[in-house]
Amino acid sequence: MVKAQPRQGQPHKPLADEPSTMDAVRLRRVNRWLAQGLSGELADLYVDSRETPAPEAYRSRSRQDFLNRLTGDIRRPGFAMVIAETDHLVGCAFGFPVGSDGFWWLGFDGALPQSIEQLTASGGVFAITSILVQPHPQDQDVARRLQERLLSDHQASLGATLVDPDDHRTLASLRSWGWLNVGEMWRPAGPTMFRALALPLGERTTAGLDGLAHDAWTRWPG
């Protein structure tokens, strides 16, 4: 699921005469074969972007869990990834188109909003499963650029993602970028509940979700 935030703590701030490592960030789309080749670096990026320090054994499990999820996503039809790089990898975002059968929404608590159901049936929804950025003062800008590039490349009408409800920092960031809370999702693989978020793209889609936007962030605290 999406992790758009760096770990907590004071990030390194460049000195006045020290060039920012994010100044020359380049975005590049990579295919599934290149993504597989980058899996080790992506896993390192995932561990580095974790919010809280953890014992080495836990970090090792988390790293393997990420690699397992990445492998599963790479196998999905339409998988796409955009990476951010300077002289090394500093961020990535990846996901896949939501099938018109609506299977991705399995576990949604209640009735899926009709406008989202229609966009899903027409093949206009793209799910972002991860946004990872190396901790840095400009990480928020890089994360936003990665998201925009991934969705624009696919000419999606609606972005979709799932976020841990306790991850308030990521939720706040996504909210500031225009994402809307649309409900709760329960995944069949376990008892974990996620918040389902959607990002309308284009005037028609925004208008179609206008009623949803009015109370999108009033049903949950934080």
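How many salt bridges does the structure hold? The structure holds six, where a salt bridge is a side-chain nitrogen of Lys or Arg within 4 Å of a carboxyl oxygen of Asp or Glu. The model is predicted, so local features need pLDDT of at least 70 and side-chain atom pairs count only at pLDDT 80 or more, whereas totals for chains, interfaces and linings use all residues. Residues are numbered from 1 along each chain as its sequence is written, and side-chain values use heavy atoms, with hydrogens and water left out.

The chain contains eight helices and seven strands. Both are DSSP runs numbered from the N terminus, a helix (H or I) having at least four residues and a strand (E) at least two. Of the 222 residues, 46% count as buried; buried means under 20% relative accessible area, exposed means over 50%, and partly exposed lies in between, with a 1.4 Å probe and protein chains only. The accessible surface of the chain comes to about 11300 Å², and 51% of this surface belongs to carbon and sulfur atoms. Such areas come from the Shrake-Rupley method with a 1.4 Å probe, and for residues only the protein chains shown count as cover. Among contacts in the chain with a separation of 6 or more, 72% are between residues 24 or more positions apart, a contact being heavy atoms within 4.5 Å.

The strands may be considered next. Strands of a sheet pair through backbone hydrogen bonds, either parallel or antiparallel.

Asp44 forms one with Arg63, and their closest N and O atoms are 2.8 Å apart. Because Asp44 lies in helix H2 and Arg63 in helix H3 (residues 56-74), the pair ties together parts that are 19 residues apart in sequence. Asp44 counts as partly exposed, at 45% relative accessibility, and Arg63 is also partly exposed, at 27%.

The side chains of Arg144 and Asp141 meet at 2.4 Å, N to O. These two residues are separated by about one helical turn, because they are three residues apart in helix H5. Arg144 is partly exposed, with a relative accessible area of 26%, as is Asp141, with 32%. In the salt bridge between Asp153 and Arg149, the closest N and O atoms are 3.0 Å apart. Here the residues are four apart in helix H5, and are therefore separated by about one helical turn. Salt bridges that share partners also join Asp141, Arg144 and Glu148 into one network.
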